[in-house]
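Please keep the structure in view while reading.

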Amino acid sequence: MAETEKDILRGGQFLVKETNCEDIFTPEDFSEEQQMMKESVIEFNDREIIPNKPRFEAKDYALTEEVMRKAGDMGFLSVAVPEAYGGMGLGFVSTVLTCDYISSGTGSFSTAFGAHTGIGTMPITLYGTEEQKQKYVPKLASGEWFGAYCLTEPGAGSDANSGKTTAELSADGKTYKINGQKMWISNAGFCNLMIVFARIEDDKNITGFIVEYDKNNPNGITLGEEEHKLGIRASSTRQVFFNDTEVPVENMLAGRGEGFKIAMNALNVGRIKLAAACLDSQRRITTTAVQYANERKQFKTPIADFGAIKIKLAEMATNTYVGESATYRASKNIEDRIAIREASGNTHQEAELKGVEEYAIECSILKVAVSEDVQNCADEGIQVFGGMGFSEETPMEAAWRDARIARIYEGTNEINRLLSVGMLVKKAMKGHVDLLGPAMKVQEELMGIPSFDTPDYSALLSEEKAMIAKLKKVFLMVAGAAVQKFGPDLENHQQLLAAAADILIEVYMAESAILRTEKNAKRFGEDAQATQIAMSKLYLYHAVETIETKGKEAIISFAEGDEQRMMLMGLKRFTKYQNFPNVVALRNEIAEKVKAENKYCF
């Protein structure tokens, strides 16, 4: 069936439209080709990365480069690259899947892989001229060359457009001279090409350039020493200094002053791929924790049998399942949107750019949620191991250190929280998402008399789906009132935006898990999905708690008197269960399943 634009929700519309479970993509929907790709990537990870973990932890940068070359030989660097430029030209879901399963051996390799295939290659495939793509992309796709991305500067972190690096046109108009300093540049130690952002004269926005780098002929480029980092220890991270570095004018990427746009769109792709890169780490951490808990005995009992440990195993498995559900849901939305645009005559470049940009809100949501979940997972993994978890001899402490960077790069989680709500409000202003209509309906509902009918919740997950619909009303109530009150000044109320973002994030993550479970229960039977049903209910319970807390915080921060009282009553109504889930029983069911399977098994 050819999908029309109407069938696929636009970015952010999940808030105001109901999604049918049949319309979302789940990991259980992988094609045969995707299954084979997944197995191939897992096999590569198990062979080339996991056994070498101690070498990565000992800062063996040469090993990172060597394994990257092997990944190139296997074709893993070229999954997202169009066939015309030496790539496999596979869809967006396959790109995300590759990133997911290749990233869990060590954060060092994951970072090198992500930086090269994402922000090191994508800007050229998405913004390059035909000549630029023919010249550079095949080398990057094969692993003959490696890419780096030079955006961050000592004074310009989250404010990417404030960089001081300059590009000055030569008198003969043939080259630009680049001068300045970049920091935290992944892959700098072994790259052959850099995407460099610099400002021409007093331009408002920065401009992107493709800069070749040859150690034997450095062209004014010098590298700082390798940074010694908390985690991702064998990923090459250096400062890069440009001193009259000459770049031919034809190596400008896109147009003058378009660097900021390139940077932002490259980061959108980076964000969803970063979420994916945290998933298999969670699966492996959960599996390692379960296996240890089954083996380790205290008081003559495996610690996996203790309720205090079951809490951890259940929550670790649940968050992993939810992260998978949301990441693959959004990946397929992006893939479908790209296909629609290509069918309507867009070039592959335009289609991919617009397809990803359409779901920038979801990309930010995923980046925040999954990066925080992987940190919690590793933290609880250490706790399950107890004193042993703190030792370098067990895998948990490296996982914990590696996870920490995920909340910082590709835009900090603070920035992404603000962005997710800010972008949604902008979409509403442009008429792409109708927030105003539904927000007004919620206001009317608050003024009306609530229904005292007892709903029929006999169908599977029906109360959970009704709860999701109510949680969306909490966001609409809070955000609608905040926009009315502050208008364009809303962006200066960051604590309020952060609270609204947490509501938005929980709605998307909880809904994604519930829809995945409902879809799979319909085709595989409820019994086969019993644990997944338990995980979906458990996650929703926590989401309701978070939304209640954040909603209260937001409302009290800007509403007073009758308005505040009415909104707080609305919050209570919209977060109220008819039948409270038995959280202890849910956790026990999940923990018993992973205990019996001795691994993360979903």
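Lys-59 sits in the loop between α2 (53-57) and α3 (61-73) of this predicted model. Most residues other than glycine have a negative phi. Lys-59, however, has a phi near 65°, a positive value in a residue that is not glycine. With a relative accessible area of 29%, Lys-59 is partly exposed. A positive phi of about 50° is also found at Glu-201, again not a glycine, and this residue belongs to the loop between β4 (193-200) and β5 (207-212). Is Glu-201 buried or exposed? Its relative accessibility is 63%, and because exposed means over 50%, Glu-201 counts as exposed.

The next topic is a pair of helices. Two packed helices are described by the angle between their axes and the distance between the axes. For α17 (residues 530-558) and α18, the axes come within 10 Å and cross at roughly 175°. Angles over 145 degrees count as roughly antiparallel, and α17 and α18 are therefore roughly antiparallel to each other. On the side of α17, the residues in contact are Ile-547, Glu-548, Gly-551, Lys-552, Ile-555, Ile-556 and Phe-558, while α18 contributes Gln-564, Met-567, Leu-568 and Leu-571. Sorted by class, this contact has 7 nonpolar, 2 polar and 2 charged residues.

Among the 24 residues that line the second largest pocket, Pro-450, Ser-451, Lys-470, Arg-573 and Lys-576 are the closest to its centre.

The structure also holds 3 cavities of 30 Å³ or more. In the largest cavity, α4 (92-102) and α5 (107-120) each give two or more residues to the lining, and the largest share, 3 residues, comes from α4. The lining of the second largest cavity, by contrast, draws at least two residues from each of α13 (413-430), α15 and α16 (494-524); among its residues are Val-421, Ala-479 and Leu-497.

The table sets out the lining of these spaces by class.

| Space | Volume | Lining residues by class |
|---|---|---|
| Largest cavity | about 50 Å³ | 6 nonpolar, 3 polar, 1 charged |
| Second largest cavity | about 50 Å³ | 9 nonpolar, no polar, no charged |

Terms used: Residues are numbered from 1 along each chain as its sequence is written. This is a predicted model: local features need pLDDT of at least 70, side-chain atom pairs count only at pLDDT 80 or more; totals for chains, interfaces and linings use all residues. Side-chain values use heavy atoms; hydrogens and water are left out. On a 1 Å grid over the protein atoms alone, a cavity is a set of points where a 1.4 Å probe fits but cannot get out, and a pocket is an open set with protein on both sides within 12 Å along at least five of seven lines; lining residues have an atom within 4 Å of a point. Helices (H or I, at least four residues) and strands (E, at least two) are DSSP runs, numbered from the N terminus. Buried means under 20% relative accessible area, exposed over 50%, partly exposed in between (1.4 Å probe, protein chains only). Axes are lines fitted to C-alpha atoms, for helices over the stretch in contact, and angles run from 0 to 180 degrees between N-to-C directions. Angles under 35 degrees count as roughly parallel, over 145 as roughly antiparallel, 65 to 115 as roughly perpendicular and the rest as oblique. Contact means heavy atoms within 4.5 Å. Ala, Val, Leu, Ile, Met, Phe, Trp, Tyr, Cys and Pro count as nonpolar, Asp, Glu, Lys and Arg as charged, and the others, Gly among them, as polar. Grid points are joined across faces, edges and corners, and a volume is the space filled by probe spheres set on the points.
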